[in-house]
Amino acid sequence: AFDVLVVGAGPAGAAAAIYAARKGIRTGMVAERFGGQVLDTMAIENFISVAHTEGPKLGAALEQHTREYDVDIMKGQKASAIVPPAYKGGLYEVKLADGGSLKSKSLVLSPGARWRTMNVPGEEEYRNKGVAYCPHCDGPLFKGKRVAVIGGGNSGVEAAIDLAGVVSHVTLIEFDSQLRADAVLQAKLRSLPNASVIVSAKTTEVHGDGEKVTGLSYEDRKNDEIHKVPMDGVFVQIGLVPNTEWLKGAVALTQRGEIEIDVRGETSLPGVFAAGDATTVPYKQIIIAAGEGAKAALSSFDYLIRLQPA
Ligand code: FAD
């Protein structure tokens, strides 16, 4: 059995595995895909002390750094359920999708999240070529350009306010007849001279020239008319979905499926910690996920040294 078993090998999981292994405890890792969302990223310019890198490069560095340590990495494996111990301080069981199972005294859950996509033509083709999901990450790439933000919830309106400070013009496009964001955010957005809002609009296509985004089309849901507008970027803000479906009923999740954690990263189960985009931690970023992973591993070590000797 492991002392700590880490599930998920994005920045949070890699940090957790390294911090755990550096304590000299038996560390395992279930890694569906090493690197996580980082692999889907082009330029990364906000991982402090690394002025510029690319997703696949950082993903490979995360794996290389983890392999410097004695971590039992089970690559290509997916966890499908956790079974709590029969008695306090006993072993947790992690079931794998391939039918296998692993046992550990403590767990760090870091399965990350995925952005909800619009599923319209052009979105996938121009991902990272004008189609973006993270204003903190990619906003500066659109300095002085025209961008659209899709989605009028809090994250969409926050993104539009944020981007308005960088881009020449931001157009917020909402499917419903009204925005769902908090009134104070809506008022702030409407006060900005370089922001406009279009409601009752269903985005139907992202256009490009083969290299990058050139515009988008939306259907006016009031009269079914299609409008084509020129744009240099499209920020999709229709939700970040935590990869926690397999944890339902086992640990406490919020309505949105985020794993509830306390300040030490502990979940509702003793000895089970969580880190990164899958949790309630605010702001989903690489540096935050890595810090949270380190914290979860240290908390797990604290838990282990307090367990009654077997
Ligand atoms: P993830 O990176 O999501 O990794 C989780 C891993 O766990 C995944 O590999 C997943 O496959 C695996 N997993 C899931 N379920 C299971 C399971 N049941 N069993 C085993 N493994 C499982 N952040 C920045 O700071 N700067 C940027 O420039 C930036 N740009 C981004 C661009 C894009 C296109 C995207 C999508 C995100 C970007 N982010 C950026 C956000 C950043 O990538 C995330 O905040 C960060 O990767 C979260 O790390 P994580 O370890 O919590 O989860």
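Helices (H or I, at least four residues) and strands (E, at least two) are DSSP runs, numbered from the N terminus. The structure is a predicted model, in which local features need pLDDT of at least 70, side-chain atom pairs count only at pLDDT 80 or more, and totals for chains, interfaces and linings use all residues. Residues are numbered from 1 along each chain as its sequence is written, and side-chain values use heavy atoms, with hydrogens and water left out.

The ligand is surrounded by 34 residues, a residue being near if one of its heavy atoms lies within 4 Å. The closest are Glu32, Gln37, Asn46, Asp277 and Ile286. At least two shell residues each come from α1 (11-21), β3 (43-44), β9 (113-115) and α6 (286-305). The shell holds 16 nonpolar, twelve polar and six charged residues. Here Asp, Glu, Lys and Arg count as charged, and Gly is among the polar residues.

A polar backbone atom of Asp277 lies 2.8 Å from a ligand oxygen. For a backbone N or O atom of Ile286, the distance to a ligand oxygen is 2.8 Å. For Ala113, the corresponding distance is 3.4 Å. Taken alone, the ligand exposes 1,000 Å², of which the protein buries 97% (Shrake-Rupley method, 1.4 Å probe).

Salt bridges (a side-chain nitrogen of Lys or Arg within 4 Å of a carboxyl oxygen of Asp or Glu) number 16. Glu32 pairs with Lys78 in one of them, with the closest N and O atoms 3.8 Å apart. Glu32 lies in the loop between β2 (27-31) and β3, and Lys78 in the loop between β5 (71-75) and β6 (79-83), so the pair ties together parts 46 residues apart in sequence.

Notes:
A polar contact is a pair of N or O atoms within 3.5 Å; within protein, one must be able to donate a hydrogen and the other to accept it, and residues adjacent in sequence count only if both atoms are side-chain atoms.
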